[in-house]
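Here is a briefing on one chain, grouped by topic. Please keep the structure open while reading.

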Amino acid sequence: MPGVPPTRFVYLGPESTFAEQALLTIPAAERGIRTPARSVPEALESVRHGDADAALVPWENSIGGAVGVTFDELVDGEPLVITREVVIPVEFVLAARPSTTLAGIRSIAAHPQASIQCRAWLRAYLPDAIVVDVLSNGAAAAGASAGEYDAAICAPIAIQRFGLHQLADKISDHPDAATRFVLLSRPGPPPEPTGNDVTSLAVWISHDRVGALLAVLTELAVRGVNLTRIESRPTGERLGRYVFFLDCTGHVAEGRVGEALQGLRRICAAVRFLGSYPRAGLGGTPEQPVPPPPGLSDPDYADAAAWLGRLRRGELS
């Protein structure tokens, strides 16, 4: 992150959830002050008001899709920018007090989304146990630790914190499930390009223009900017009015991405830059970058710009 590294972090709480587990993969956050927030809006407002330097919030899940409240907050509130992403596997565990055995479990605390994602495992191994809905994975672990429930479905981070014993791991019905989190800060220069970056945007198209969305996609495609994700959200104005969230390969400092952004600025009703930041793979392992097509690399753009400059100066050689 440019400038002074953040030391005060806020994240979607409560403690001992996947959000905290994701935050702890960031070295500065592991050393800094970490504060849970009750909601995504509360986390982002803490950054906007200067009570925190950065906020880690969920962006999308491989099963549930986009986290709508995060998207909405980024277009409705004061601008914030993504400076980093973290992708972690969603690996639920079954945990209980050390003296508890699998055969002795009669009640299980779980967040509703957690129990849904572990339905097949529960049906196969604990068909007679009662699943009790709680507000979070952390609350499930706390309840099991206090003896309110025989066991909990929770994140691995909660086991040691609440003095629990792991009875089973990777109990999700979707073993490859993952959640992508983003770290948001107040506007400032983006991180330096790494050669394997993501640029995120929110664009409002001109609804009275035929082919407006196609024109947006064309601005990216003709410059070799790969669109990796597109998501629409209602603007709240009236039916049929949407804002589109785009994830693209590349960095705003690159020639092809910069030209694409200029093109979008010309044809869209509005564009909000949400950040250029390093691409993260699952568990922090970087994904391989997608090379631009021939003629659309940054050196190609620099060479073309230099050639045009010579023409404008009357130099034809």
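Thr199 has a relative accessibility of 1%, under the 20% cut-off, so Thr199 counts as buried. The model is a predicted one. Thr199 sits in strand β12, which spans residues 197-204.

**Around Thr199**
- The side chain of Thr199 comes within reach of the backbone oxygen of Gly250, at 2.8 Å.
- Beyond four places in sequence, the contacts of Thr199 include Leu246, Asp247, Cys248, Gly250, His251 and Val252.
- Val257, Phe273, Gly275 and Ser276 are also among the contacts of Thr199.

**Around Glu85**
- Glu85 belongs to strand β5, residues 81-89.
- Is Glu85 buried or exposed? Glu85 has a relative accessible area of 6%, below the 20% limit, and is therefore buried.
- The side chain of Glu85 makes a polar contact of 2.7 Å with the side chain of Arg180.
- A polar atom of the Glu85 side chain also lies 2.7 Å from the backbone nitrogen of Ala280.

**Helix α7**
- Helix α7 covers residues 137-145.
- Which residues of α7 are buried? They are Asn137, Gly138, Ala140, Ala141, Gly143 and Ala144.
- An α-helix has 3.6 residues a turn, so residues three or four places apart point the same way.
- The cover over the buried residues of α7 includes helices α1, α5 and α8 (157-161).
- Strands β6 (93-96), β7 (107-110) and β9 (151-154) are also part of that cover.
- Ser136 caps the N-terminal end of α7, with a side-chain oxygen 3.4 Å from the backbone nitrogen of Gly138.
- After α7 comes Gly147, with a positive phi near 85°.

**The largest pocket**
- Rolling a probe the size of a water molecule over the atoms shows where empty space is left.
- The largest pocket has a volume of about 690 Å³.
- Its lining consists of 27 residues. Nearest the centre of the pocket lie Leu12, Pro58, His111, Gln113 and Asn137.
- Two or more lining residues come from each of α1 (18-23), β3 (54-61), β4 (65-66), α5 (112-117) and β11 (178-185).
- Which element gives the most to this lining? Helix α5 does, with three residues.
- By class, the lining holds 14 nonpolar residues, 12 polar residues and one charged residue.

**Backbone exceptions**
- Most residues other than glycine have a negative phi, and most peptide bonds are trans.
- Gly13 and Pro14 are joined by a cis peptide bond, with omega about 5°.
- Pro14 lies in the loop between β1 (8-12) and α1.
- Ser16 is found in the loop between β1 and α1 as well.
- Ser16 is not a glycine, yet its phi is positive, about 65°.
- The relative accessible area of Ser16 is 0%, so Ser16 is buried.
- Lys170 also is not a glycine and has a positive phi, about 50°.
- Lys170 lies in the loop between β10 (165-169) and β11.
- The relative accessibility of Lys170 is 56%, over the 50% limit, so Lys170 counts as exposed.

**Val222**
- Val222 is placed in the loop between α9 (212-221) and β13 (227-234).
- At 52% relative accessibility, over the 50% limit, Val222 is therefore exposed.
- Val222 and Arg265 are 43 residues apart along the chain, and their C-alpha atoms are separated by 16 Å.

**The chain as a whole**
- The chain contains 11 helices and 15 strands.
- Along the principal axes, its C-alpha atoms fill a box of roughly 85 × 45 × 40 Å.
- The chain has 317 residues, and 46% of them count as buried.
- Among contacts with a separation of 6 or more, 76% come from residues 24 or more positions apart.
- The accessible surface of the chain is about 15600 Å². Carbon and sulfur atoms account for 54% of that surface.

Terms used. Residues are numbered from 1 along each chain as its sequence is written. This is a predicted model: local features need pLDDT of at least 70, side-chain atom pairs count only at pLDDT 80 or more; totals for chains, interfaces and linings use all residues. Side-chain values use heavy atoms; hydrogens and water are left out. Helices (H or I, at least four residues) and strands (E, at least two) are DSSP runs, numbered from the N terminus. Buried means under 20% relative accessible area, exposed over 50%, partly exposed in between (1.4 Å probe, protein chains only). A polar contact is a pair of N or O atoms within 3.5 Å; within protein, one must be able to donate a hydrogen and the other to accept it, and residues adjacent in sequence count only if both atoms are side-chain atoms. Contact means heavy atoms within 4.5 Å. On a 1 Å grid over the protein atoms alone, a cavity is a set of points where a 1.4 Å probe fits but cannot get out, and a pocket is an open set with protein on both sides within 12 Å along at least five of seven lines; lining residues have an atom within 4 Å of a point. Grid points are joined across faces, edges and corners, and a volume is the space filled by probe spheres set on the points. Ala, Val, Leu, Ile, Met, Phe, Trp, Tyr, Cys and Pro count as nonpolar, Asp, Glu, Lys and Arg as charged, and the others, Gly among them, as polar. Accessible areas come from the Shrake-Rupley method with a 1.4 Å probe; for residues, only the protein chains shown count as cover.
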